[in-house]
Amino acid sequence: MFHVKHSDTIAAIATPLGVGGVGIIRVSGKGSLALLQQLFSPSNGDKAESHRMIHGWLAEPESGQKIDEILACYMKSPKSYTGEDIVEFYCHGGMAVLQRALKALISAGARQAQKGEFTKRAFLNGRLDLAQAEAVLDLIKAGTEVGAGYAVGQLEGRLSRVIAGLRAMLVSAQAELEAAIDFSDDLPDFDGRSLAARLLQISQDMAGLIRSASGGRLFRQGLAMAIVGKPNVGKSSLLNALLGEDRALVAGTPGTTRDTIIESIDLNGLPVRLIDTAGLRKAEDGVEKLGVERTSREIDSADVVLVMVDASSGLDSLDKEVIHRTAGARGVIVLNKIDLGLKANLGSLSDEIKGWPVFQTSALYGQGINELKAGIFSYVSSWAEIKGKDYIMVNARHRECLVRANEALARAQQAYLDGMA
Ligand code: GDP
(Lines give C-alpha, C1' and ligand atoms only; values in the text may rest on other atoms or scores of the structure.)
Protein backbone atom coordinates (compact mmCIF):
# COMPACT_ATOMS: atom_id res chain seq x y z
CA MET A 1 0.00 0.00 0.00
CA PHE A 2 1.36 3.42 -0.85
CA HIS A 3 0.55 6.62 0.94
CA VAL A 4 0.10 9.89 -0.81
CA LYS A 5 0.99 12.69 1.51
CA HIS A 6 -1.35 15.61 1.26
CA SER A 7 -0.10 18.85 2.65
CA ASP A 8 -3.43 20.13 3.83
CA THR A 9 -5.97 18.98 6.35
CA ILE A 10 -9.55 18.93 5.15
CA ALA A 11 -12.78 19.32 7.08
CA ALA A 12 -16.46 18.97 6.24
CA ILE A 13 -19.82 18.47 7.83
CA ALA A 14 -20.41 14.76 7.22
CA THR A 15 -24.09 14.57 8.10
CA PRO A 16 -26.94 16.13 6.06
CA LEU A 17 -27.68 19.75 6.73
CA GLY A 18 -30.77 19.98 8.85
CA VAL A 19 -31.83 19.43 12.40
CA GLY A 20 -30.87 16.13 14.01
CA GLY A 21 -29.76 14.66 17.30
CA VAL A 22 -26.16 14.42 16.18
CA GLY A 23 -24.15 16.20 13.50
CA ILE A 24 -20.69 15.03 12.59
CA ILE A 25 -17.71 16.99 11.37
CA ARG A 26 -14.93 14.98 9.87
CA VAL A 27 -11.35 16.19 9.61
CA SER A 28 -8.63 14.35 7.71
CA GLY A 29 -4.95 15.05 7.21
CA LYS A 30 -1.78 15.26 9.21
CA GLY A 31 -2.96 18.37 11.10
CA SER A 32 -6.06 16.64 12.47
CA LEU A 33 -4.71 15.81 15.89
CA ALA A 34 -3.29 19.32 16.34
CA LEU A 35 -6.71 20.76 15.49
CA LEU A 36 -8.31 18.52 18.08
CA GLN A 37 -5.84 19.63 20.70
CA GLN A 38 -6.31 23.26 19.79
CA LEU A 39 -10.12 23.40 19.72
CA PHE A 40 -11.21 20.71 22.11
CA SER A 41 -10.91 20.49 25.89
CA PRO A 42 -11.52 17.02 27.27
CA SER A 43 -13.81 17.08 30.29
CA ASN A 44 -11.56 15.04 32.56
CA GLY A 45 -8.18 15.63 31.07
CA ASP A 46 -8.34 12.54 28.84
CA LYS A 47 -5.64 12.31 26.19
CA ALA A 48 -6.71 11.54 22.63
CA GLU A 49 -6.04 7.85 22.03
CA SER A 50 -6.65 6.34 18.63
CA HIS A 51 -10.15 4.95 18.11
CA ARG A 52 -11.45 6.06 21.50
CA MET A 53 -14.26 8.50 22.10
CA ILE A 54 -13.61 11.39 24.42
CA HIS A 55 -16.08 13.78 25.91
CA GLY A 56 -15.50 17.49 26.24
CA TRP A 57 -16.07 20.97 24.88
CA LEU A 58 -15.40 22.43 21.48
CA ALA A 59 -14.45 26.09 21.55
CA GLU A 60 -13.42 28.81 19.14
CA PRO A 61 -9.62 28.92 18.88
CA GLU A 62 -9.09 32.62 19.47
CA SER A 63 -11.88 33.76 21.77
CA GLY A 64 -12.15 30.45 23.59
CA GLN A 65 -15.93 30.78 23.34
CA LYS A 66 -17.65 27.45 23.75
CA ILE A 67 -19.36 26.11 20.63
CA ASP A 68 -20.81 22.80 21.80
CA GLU A 69 -20.49 19.93 24.24
CA ILE A 70 -19.33 17.05 22.12
CA LEU A 71 -17.72 13.66 21.72
CA ALA A 72 -14.59 13.43 19.63
CA CYS A 73 -12.73 10.50 18.17
CA TYR A 74 -9.19 10.44 16.84
CA MET A 75 -8.31 7.73 14.33
CA LYS A 76 -4.61 7.43 13.77
CA SER A 77 -3.22 6.81 10.29
CA PRO A 78 -3.36 4.38 8.55
CA LYS A 79 -6.34 2.84 10.37
CA SER A 80 -8.93 5.30 9.19
CA TYR A 81 -11.31 5.76 6.29
CA THR A 82 -8.87 7.92 4.33
CA GLY A 83 -5.75 6.23 5.61
CA GLU A 84 -4.68 9.57 7.10
CA ASP A 85 -5.10 10.87 10.63
CA ILE A 86 -8.80 11.57 11.08
CA VAL A 87 -10.68 13.32 13.83
CA GLU A 88 -14.45 13.21 14.02
CA PHE A 89 -16.42 15.66 16.11
CA TYR A 90 -19.86 14.49 17.19
CA CYS A 91 -21.74 17.71 17.82
CA HIS A 92 -25.42 18.41 18.32
CA GLY A 93 -27.11 18.32 14.96
CA GLY A 94 -28.15 21.91 14.42
CA MET A 95 -27.19 23.92 11.36
CA ALA A 96 -25.77 26.87 13.30
CA VAL A 97 -23.72 24.69 15.65
CA LEU A 98 -22.17 22.71 12.84
CA GLN A 99 -21.45 25.75 10.68
CA ARG A 100 -19.81 27.46 13.63
CA ALA A 101 -17.72 24.40 14.47
CA LEU A 102 -16.62 24.07 10.85
CA LYS A 103 -15.74 27.76 10.69
CA ALA A 104 -13.63 27.39 13.83
CA LEU A 105 -11.75 24.46 12.29
CA ILE A 106 -11.16 26.40 9.12
CA SER A 107 -9.90 29.46 10.93
CA ALA A 108 -7.54 27.14 12.83
CA GLY A 109 -6.05 25.95 9.52
CA ALA A 110 -8.26 23.26 8.02
CA ARG A 111 -9.54 23.58 4.48
CA GLN A 112 -13.16 22.95 3.52
CA ALA A 113 -13.18 19.55 1.81
CA GLN A 114 -14.49 19.26 -1.71
CA LYS A 115 -17.29 16.90 -2.55
CA GLY A 116 -16.02 13.33 -2.39
CA GLU A 117 -12.56 14.37 -1.23
CA PHE A 118 -12.43 12.00 1.76
CA THR A 119 -13.23 9.09 -0.52
CA LYS A 120 -10.73 10.36 -3.08
CA ARG A 121 -8.04 10.34 -0.42
CA ALA A 122 -9.10 6.84 0.65
CA PHE A 123 -8.60 5.77 -2.95
CA LEU A 124 -5.28 7.60 -3.37
CA ASN A 125 -4.01 6.08 -0.16
CA GLY A 126 -4.93 2.59 -1.29
CA ARG A 127 -7.68 2.10 1.32
CA LEU A 128 -10.26 1.50 -1.40
CA ASP A 129 -9.89 0.53 -5.04
CA LEU A 130 -11.74 2.57 -7.62
CA ALA A 131 -14.73 0.21 -7.80
CA GLN A 132 -15.06 0.39 -4.03
CA ALA A 133 -14.78 4.17 -4.00
CA GLU A 134 -17.58 4.30 -6.57
CA ALA A 135 -19.58 1.93 -4.39
CA VAL A 136 -19.46 4.41 -1.51
CA LEU A 137 -21.43 6.87 -3.61
CA ASP A 138 -23.80 4.15 -4.79
CA LEU A 139 -24.41 3.14 -1.21
CA ILE A 140 -25.12 6.68 -0.07
CA LYS A 141 -27.45 7.29 -2.97
CA ALA A 142 -29.20 3.91 -2.98
CA GLY A 143 -32.94 4.44 -2.92
CA THR A 144 -33.92 0.90 -1.96
CA GLU A 145 -32.58 -1.71 0.42
CA VAL A 146 -31.83 -4.06 -2.44
CA GLY A 147 -29.81 -1.37 -4.25
CA ALA A 148 -27.95 -0.64 -1.02
CA GLY A 149 -27.21 -4.37 -0.66
CA TYR A 150 -25.61 -4.47 -4.13
CA ALA A 151 -23.56 -1.36 -3.33
CA VAL A 152 -22.32 -2.98 -0.11
CA GLY A 153 -21.32 -6.04 -2.12
CA GLN A 154 -19.25 -3.83 -4.36
CA LEU A 155 -17.79 -1.92 -1.43
CA GLU A 156 -16.81 -5.20 0.12
CA GLY A 157 -14.99 -6.00 -3.13
CA ARG A 158 -17.36 -8.22 -5.11
CA LEU A 159 -16.73 -6.60 -8.48
CA SER A 160 -13.02 -6.16 -7.74
CA ARG A 161 -12.72 -9.89 -6.98
CA VAL A 162 -14.43 -10.91 -10.19
CA ILE A 163 -12.19 -8.58 -12.20
CA ALA A 164 -9.11 -9.82 -10.34
CA GLY A 165 -10.12 -13.41 -11.23
CA LEU A 166 -10.50 -12.55 -14.91
CA ARG A 167 -7.21 -10.69 -14.88
CA ALA A 168 -5.40 -13.62 -13.28
CA MET A 169 -6.69 -15.93 -16.02
CA LEU A 170 -5.55 -13.52 -18.70
CA VAL A 171 -2.12 -13.08 -17.16
CA SER A 172 -1.66 -16.84 -16.99
CA ALA A 173 -2.77 -17.22 -20.61
CA GLN A 174 -0.30 -14.53 -21.61
CA ALA A 175 2.51 -16.23 -19.68
CA GLU A 176 1.74 -19.54 -21.33
CA LEU A 177 1.75 -17.96 -24.76
CA GLU A 178 5.02 -16.13 -24.16
CA ALA A 179 6.66 -19.26 -22.80
CA ALA A 180 5.54 -21.18 -25.87
CA ILE A 181 7.14 -18.54 -28.10
CA ASP A 182 10.35 -18.11 -26.12
CA PHE A 183 11.02 -21.74 -25.23
CA SER A 184 9.34 -23.57 -28.07
CA ASP A 185 12.11 -26.15 -28.17
CA ASP A 186 12.10 -27.03 -24.49
CA LEU A 187 8.39 -27.11 -23.81
CA PRO A 188 5.88 -29.76 -24.81
CA ASP A 189 3.66 -28.86 -27.74
CA PHE A 190 1.69 -25.73 -27.17
CA ASP A 191 -2.03 -26.44 -26.91
CA GLY A 192 -3.60 -23.52 -28.76
CA ARG A 193 -7.01 -25.08 -28.69
CA SER A 194 -7.16 -25.13 -24.89
CA LEU A 195 -5.92 -21.55 -24.71
CA ALA A 196 -8.55 -20.40 -27.19
CA ALA A 197 -11.25 -22.17 -25.17
CA ARG A 198 -10.13 -20.35 -22.04
CA LEU A 199 -10.13 -17.01 -23.84
CA LEU A 200 -13.66 -17.71 -24.98
CA GLN A 201 -14.73 -18.44 -21.40
CA ILE A 202 -13.18 -15.19 -20.17
CA SER A 203 -14.83 -13.31 -22.96
CA GLN A 204 -18.23 -14.80 -22.10
CA ASP A 205 -17.80 -13.83 -18.45
CA MET A 206 -16.95 -10.30 -19.51
CA ALA A 207 -19.94 -10.16 -21.83
CA GLY A 208 -22.16 -11.13 -18.88
CA LEU A 209 -20.75 -8.26 -16.83
CA ILE A 210 -21.22 -5.86 -19.74
CA ARG A 211 -24.85 -6.88 -20.07
CA SER A 212 -25.46 -6.30 -16.39
CA ALA A 213 -24.54 -2.62 -16.82
CA SER A 214 -28.09 -1.77 -17.85
CA GLY A 215 -29.34 -3.13 -14.54
CA GLY A 216 -26.62 -1.17 -12.74
CA ARG A 217 -27.92 2.01 -14.27
CA LEU A 218 -31.45 1.16 -13.20
CA PHE A 219 -30.38 0.62 -9.59
CA ARG A 220 -28.40 3.86 -9.58
CA GLN A 221 -30.79 6.16 -11.35
CA GLY A 222 -34.04 4.30 -10.94
CA LEU A 223 -36.22 2.84 -13.66
CA ALA A 224 -38.12 5.61 -15.43
CA MET A 225 -41.69 4.47 -15.92
CA ALA A 226 -44.43 6.41 -17.66
CA ILE A 227 -48.04 5.52 -17.06
CA VAL A 228 -49.99 6.37 -20.19
CA GLY A 229 -53.54 5.86 -21.27
CA LYS A 230 -56.56 7.87 -22.19
CA PRO A 231 -58.31 9.86 -19.46
CA ASN A 232 -60.30 8.04 -16.81
CA VAL A 233 -58.85 4.59 -17.32
CA GLY A 234 -57.52 4.76 -13.76
CA LYS A 235 -53.93 6.02 -14.03
CA SER A 236 -54.06 8.23 -10.94
CA SER A 237 -55.76 5.45 -9.03
CA LEU A 238 -52.99 3.06 -10.04
CA LEU A 239 -50.36 5.58 -9.05
CA ASN A 240 -51.89 5.80 -5.60
CA ALA A 241 -52.16 2.06 -5.34
CA LEU A 242 -48.52 1.67 -6.33
CA LEU A 243 -47.40 4.32 -3.89
CA GLY A 244 -49.39 2.71 -1.10
CA GLU A 245 -47.17 1.99 1.84
CA ASP A 246 -44.02 2.74 -0.16
CA ARG A 247 -44.70 6.39 0.07
CA ALA A 248 -41.78 6.77 2.45
CA LEU A 249 -39.40 7.14 -0.47
CA VAL A 250 -38.43 10.57 -1.75
CA ALA A 251 -41.25 12.40 -3.41
CA GLY A 252 -41.26 15.31 -5.76
CA THR A 253 -37.70 15.04 -7.08
CA PRO A 254 -37.44 17.52 -9.92
CA GLY A 255 -36.27 15.86 -13.07
CA THR A 256 -34.92 17.23 -16.29
CA THR A 257 -36.76 19.89 -18.22
CA ARG A 258 -38.15 17.17 -20.38
CA ASP A 259 -39.96 15.41 -17.65
CA THR A 260 -40.94 15.92 -14.08
CA ILE A 261 -40.61 13.10 -11.67
CA ILE A 262 -43.51 13.21 -9.36
CA GLU A 263 -42.91 10.15 -7.24
CA SER A 264 -40.39 7.43 -6.61
CA ILE A 265 -41.41 3.98 -5.52
CA ASP A 266 -39.63 0.87 -4.38
CA LEU A 267 -40.73 -1.84 -6.74
CA ASN A 268 -39.67 -5.07 -5.07
CA GLY A 269 -36.26 -3.50 -4.46
CA LEU A 270 -35.90 -1.71 -7.76
CA PRO A 271 -36.14 2.08 -7.48
CA VAL A 272 -38.73 3.34 -9.93
CA ARG A 273 -39.20 6.94 -10.94
CA LEU A 274 -42.70 7.56 -12.12
CA ILE A 275 -42.73 10.16 -14.83
CA ASP A 276 -45.44 12.72 -14.60
CA THR A 277 -47.41 12.41 -17.78
CA ALA A 278 -50.01 14.63 -19.32
CA GLY A 279 -52.42 11.82 -18.78
CA LEU A 280 -51.58 11.43 -15.12
CA ARG A 281 -53.37 14.66 -14.58
CA LYS A 282 -56.86 14.98 -15.93
CA ALA A 283 -56.79 16.05 -19.55
CA GLU A 284 -58.65 19.26 -18.99
CA ASP A 285 -58.39 20.25 -22.60
CA GLY A 286 -60.66 17.45 -23.63
CA VAL A 287 -60.45 13.96 -24.90
CA GLU A 288 -59.48 14.95 -28.43
CA LYS A 289 -56.42 16.74 -27.15
CA LEU A 290 -55.00 13.79 -25.38
CA GLY A 291 -51.62 15.46 -25.59
CA VAL A 292 -50.32 12.98 -28.08
CA GLU A 293 -47.02 14.77 -28.53
CA ARG A 294 -46.51 14.92 -24.82
CA THR A 295 -47.31 11.27 -24.49
CA SER A 296 -44.73 10.54 -27.17
CA ARG A 297 -42.08 12.48 -25.29
CA GLU A 298 -42.87 10.67 -22.08
CA ILE A 299 -42.62 7.38 -23.85
CA ASP A 300 -39.22 8.37 -25.25
CA SER A 301 -37.77 9.24 -21.88
CA ALA A 302 -39.14 6.16 -20.14
CA ASP A 303 -37.37 2.83 -19.67
CA VAL A 304 -40.75 1.15 -19.46
CA VAL A 305 -44.13 2.40 -20.55
CA LEU A 306 -47.14 1.19 -18.66
CA VAL A 307 -50.10 1.40 -21.00
CA MET A 308 -53.40 1.33 -19.23
CA VAL A 309 -56.75 0.55 -20.80
CA ASP A 310 -60.20 0.07 -19.36
CA ALA A 311 -60.79 -3.66 -19.27
CA SER A 312 -64.53 -3.25 -18.91
CA SER A 313 -65.07 -1.60 -22.28
CA GLY A 314 -63.81 -2.44 -25.73
CA LEU A 315 -60.66 -0.73 -27.00
CA ASP A 316 -61.46 2.48 -28.85
CA SER A 317 -59.43 4.56 -31.26
CA LEU A 318 -57.79 6.53 -28.44
CA ASP A 319 -56.55 3.38 -26.74
CA LYS A 320 -55.21 2.18 -30.04
CA GLU A 321 -53.55 5.53 -30.68
CA VAL A 322 -51.77 5.35 -27.32
CA ILE A 323 -50.59 1.82 -27.98
CA HIS A 324 -49.56 2.76 -31.48
CA ARG A 325 -47.43 5.59 -30.08
CA THR A 326 -45.57 3.18 -27.83
CA ALA A 327 -44.46 0.95 -30.68
CA GLY A 328 -40.84 -0.02 -30.24
CA ALA A 329 -40.75 0.85 -26.53
CA ARG A 330 -40.52 -1.63 -23.70
CA GLY A 331 -43.89 -1.81 -22.12
CA VAL A 332 -46.54 -3.56 -20.15
CA ILE A 333 -50.29 -3.49 -20.66
CA VAL A 334 -52.57 -3.07 -17.72
CA LEU A 335 -56.22 -3.94 -18.12
CA ASN A 336 -57.72 -1.95 -15.30
CA LYS A 337 -61.24 -1.95 -13.85
CA ILE A 338 -61.29 -5.71 -14.06
CA ASP A 339 -63.88 -5.60 -11.28
CA LEU A 340 -66.33 -4.35 -13.89
CA GLY A 341 -65.67 -7.20 -16.27
CA LEU A 342 -63.34 -8.00 -19.15
CA LYS A 343 -64.36 -6.80 -22.59
CA ALA A 344 -61.13 -5.31 -23.93
CA ASN A 345 -59.62 -7.52 -26.57
CA LEU A 346 -55.96 -7.03 -27.42
CA GLY A 347 -56.07 -9.48 -30.30
CA SER A 348 -55.89 -6.87 -33.06
CA LEU A 349 -52.83 -5.27 -31.45
CA SER A 350 -50.80 -8.39 -30.93
CA ASP A 351 -48.09 -7.24 -33.33
CA GLU A 352 -47.60 -3.88 -31.67
CA ILE A 353 -47.37 -5.20 -28.15
CA LYS A 354 -45.35 -8.25 -28.94
CA GLY A 355 -43.54 -9.56 -25.88
CA TRP A 356 -45.28 -7.18 -23.52
CA PRO A 357 -46.69 -8.77 -20.40
CA VAL A 358 -50.38 -8.14 -19.77
CA PHE A 359 -51.80 -7.64 -16.29
CA GLN A 360 -55.30 -7.30 -14.93
CA THR A 361 -55.93 -4.92 -12.07
CA SER A 362 -58.55 -3.11 -10.18
CA ALA A 363 -56.75 -0.01 -9.03
CA LEU A 364 -59.84 1.02 -7.12
CA TYR A 365 -59.95 -2.13 -5.02
CA GLY A 366 -56.22 -2.83 -4.94
CA GLN A 367 -56.65 -6.05 -6.86
CA GLY A 368 -53.73 -7.41 -8.90
CA ILE A 369 -51.34 -4.69 -7.73
CA ASN A 370 -48.81 -7.05 -6.14
CA GLU A 371 -48.87 -9.25 -9.22
CA LEU A 372 -48.31 -6.16 -11.37
CA LYS A 373 -45.32 -5.09 -9.27
CA ALA A 374 -43.78 -8.54 -9.33
CA GLY A 375 -44.52 -8.82 -13.05
CA ILE A 376 -42.85 -5.52 -13.91
CA PHE A 377 -39.87 -6.49 -11.77
CA SER A 378 -39.39 -9.81 -13.51
CA TYR A 379 -39.94 -8.22 -16.93
CA VAL A 380 -37.25 -5.63 -16.20
CA SER A 381 -34.93 -8.22 -14.63
CA SER A 382 -35.11 -10.32 -17.77
CA TRP A 383 -33.69 -7.67 -20.07
CA ALA A 384 -31.56 -5.81 -17.56
CA GLU A 385 -29.94 -9.09 -16.42
CA ILE A 386 -30.58 -8.45 -12.74
CA LYS A 387 -29.92 -11.79 -11.17
CA GLY A 388 -30.26 -12.68 -7.54
CA LYS A 389 -28.44 -11.26 -4.59
CA ASP A 390 -24.97 -11.71 -6.04
CA TYR A 391 -25.77 -9.31 -8.82
CA ILE A 392 -22.88 -7.00 -9.63
CA MET A 393 -23.70 -3.37 -10.35
CA VAL A 394 -21.51 -2.55 -13.31
CA ASN A 395 -21.40 1.18 -14.02
CA ALA A 396 -20.70 3.09 -17.23
CA ARG A 397 -16.96 3.32 -16.56
CA HIS A 398 -16.64 -0.38 -15.78
CA ARG A 399 -18.67 -1.17 -18.86
CA GLU A 400 -16.40 0.92 -21.06
CA CYS A 401 -13.28 -0.83 -19.72
CA LEU A 402 -14.87 -4.25 -20.10
CA VAL A 403 -15.95 -3.52 -23.67
CA ARG A 404 -12.39 -2.53 -24.58
CA ALA A 405 -10.94 -5.60 -22.89
CA ASN A 406 -13.44 -7.81 -24.66
CA GLU A 407 -12.60 -6.28 -28.03
CA ALA A 408 -8.95 -7.07 -27.41
CA LEU A 409 -9.90 -10.64 -26.53
CA ALA A 410 -11.92 -10.92 -29.72
CA ARG A 411 -8.81 -9.86 -31.68
CA ALA A 412 -6.75 -12.50 -29.85
CA GLN A 413 -9.29 -15.17 -30.69
CA GLN A 414 -9.38 -14.05 -34.29
CA ALA A 415 -5.60 -14.18 -34.46
CA TYR A 416 -5.72 -17.76 -33.21
CA LEU A 417 -8.36 -18.69 -35.79
CA ASP A 418 -6.37 -17.01 -38.55
CA GLY A 419 -3.30 -18.94 -37.48
CA MET A 420 -5.25 -22.18 -37.74
CA ALA A 421 -6.42 -21.44 -41.26
P1 GDP B 1 -57.13 8.72 -14.85
O2 GDP B 1 -57.81 9.85 -15.52
O3 GDP B 1 -56.65 7.72 -15.86
O4 GDP B 1 -56.04 9.14 -13.92
O5 GDP B 1 -58.22 7.94 -13.99
P6 GDP B 1 -58.56 8.01 -12.44
O7 GDP B 1 -57.58 7.24 -11.65
O8 GDP B 1 -58.81 9.41 -12.05
O9 GDP B 1 -59.93 7.19 -12.42
C10 GDP B 1 -61.07 7.60 -13.14
C11 GDP B 1 -62.28 7.00 -12.48
O12 GDP B 1 -62.24 5.58 -12.59
C13 GDP B 1 -62.37 7.32 -11.00
O14 GDP B 1 -63.73 7.52 -10.69
C15 GDP B 1 -61.87 6.06 -10.34
O16 GDP B 1 -62.43 5.85 -9.06
C17 GDP B 1 -62.34 4.99 -11.30
N18 GDP B 1 -61.49 3.81 -11.25
C19 GDP B 1 -60.15 3.76 -11.31
N20 GDP B 1 -59.74 2.49 -11.26
C21 GDP B 1 -60.81 1.71 -11.15
C22 GDP B 1 -61.04 0.30 -11.04
O23 GDP B 1 -60.12 -0.52 -11.04
N24 GDP B 1 -62.33 -0.11 -10.96
C25 GDP B 1 -63.39 0.74 -10.97
N26 GDP B 1 -64.60 0.22 -10.88
N27 GDP B 1 -63.21 2.07 -11.07
C28 GDP B 1 -61.96 2.57 -11.15
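**Cavities, cores and a helix face in a predicted model**

About 30 Å³ of space lies in the second largest cavity of this predicted model. The search of the whole structure finds two cavities of 30 Å³ or more. The lining of the second largest cavity is formed by Tyr-150, Gly-153, Gln-154, Arg-158, Leu-159, Tyr-391, Ile-392 and Met-393. Two elements, α5 (145-155) and α6 (158-182), each give two or more residues to this lining. The largest share, three residues, comes from α5. As a general principle, rolling a probe the size of a water molecule over the atoms shows where empty space is left.

The largest pocket has a volume of about 700 Å³. It is lined by 21 residues, of which Lys-115, Gly-116, Thr-119, Leu-137 and Ile-140 are the closest to the pocket centre. At least two lining residues are supplied by each of β1 (10-13), α3 (117-124) and α4 (130-141). Helix α4 provides the largest share of the lining of the largest pocket, with six residues. The lining of this pocket comprises 11 nonpolar, five polar and five charged residues.

The overall fold can be described in a few figures. The protein contains 13 helices and 13 strands. Of its 421 residues, 46% are buried. Among contacts between residues at least 6 apart in sequence, 66% join residues at least 24 apart.

In soluble globular proteins, nonpolar side chains tend to be buried together. In the present model, the largest nonpolar core has 55 residues, and those touching the most other members are Met-225, Leu-238, Leu-270, Leu-306 and Val-380. Helix α12 (residues 369-384) contributes the most to this core, namely seven residues. When neighbours within four places in sequence are left aside, Val-380 is in contact with Leu-218, Leu-223, Leu-270, Val-304 and Ile-386. Another core lies apart from the largest one; this second group has 24 residues, including Phe-40, Ile-70, Leu-102 and Ala-108.

Helix α11 was considered next. Spanning residues 317-325, α11 has Leu-318, Asp-319, Val-322 and Ile-323 as its buried residues. Viewed down the axis of α11, these buried residues fall within an arc of 135 degrees, and they therefore line one face of the helix. An α-helix has 3.6 residues a turn, so residues three or four places apart point the same way. The cover over the buried residues of α11 includes the strands β8 (223-228), β11 (304-310) and β12 (331-336).

An exposed position is found in another helix. Ser-107 belongs to helix α2, which covers residues 95-107. Because its relative accessible area is 51% and the cut-off for exposure is over 50%, Ser-107 counts as exposed. Ser-107 and Glu-62 are 45 residues apart in sequence, while the distance between them in space is 9.1 Å, C-alpha to C-alpha.

Definitions and conventions: Residues are numbered from 1 along each chain as its sequence is written. This is a predicted model: local features need pLDDT of at least 70, side-chain atom pairs count only at pLDDT 80 or more; totals for chains, interfaces and linings use all residues. Side-chain values use heavy atoms; hydrogens and water are left out. A nonpolar core is a set of buried Ala, Val, Leu, Ile, Met, Phe, Trp, Tyr and Cys residues joined through side-chain atoms within 4.5 Å. Buried means under 20% relative accessible area, exposed over 50%, partly exposed in between (1.4 Å probe, protein chains only). Helices (H or I, at least four residues) and strands (E, at least two) are DSSP runs, numbered from the N terminus. Contact means heavy atoms within 4.5 Å. On a 1 Å grid over the protein atoms alone, a cavity is a set of points where a 1.4 Å probe fits but cannot get out, and a pocket is an open set with protein on both sides within 12 Å along at least five of seven lines; lining residues have an atom within 4 Å of a point. Grid points are joined across faces, edges and corners, and a volume is the space filled by probe spheres set on the points. Ala, Val, Leu, Ile, Met, Phe, Trp, Tyr, Cys and Pro count as nonpolar, Asp, Glu, Lys and Arg as charged, and the others, Gly among them, as polar. The arc is that of the directions from the helix axis to the C-beta atoms.
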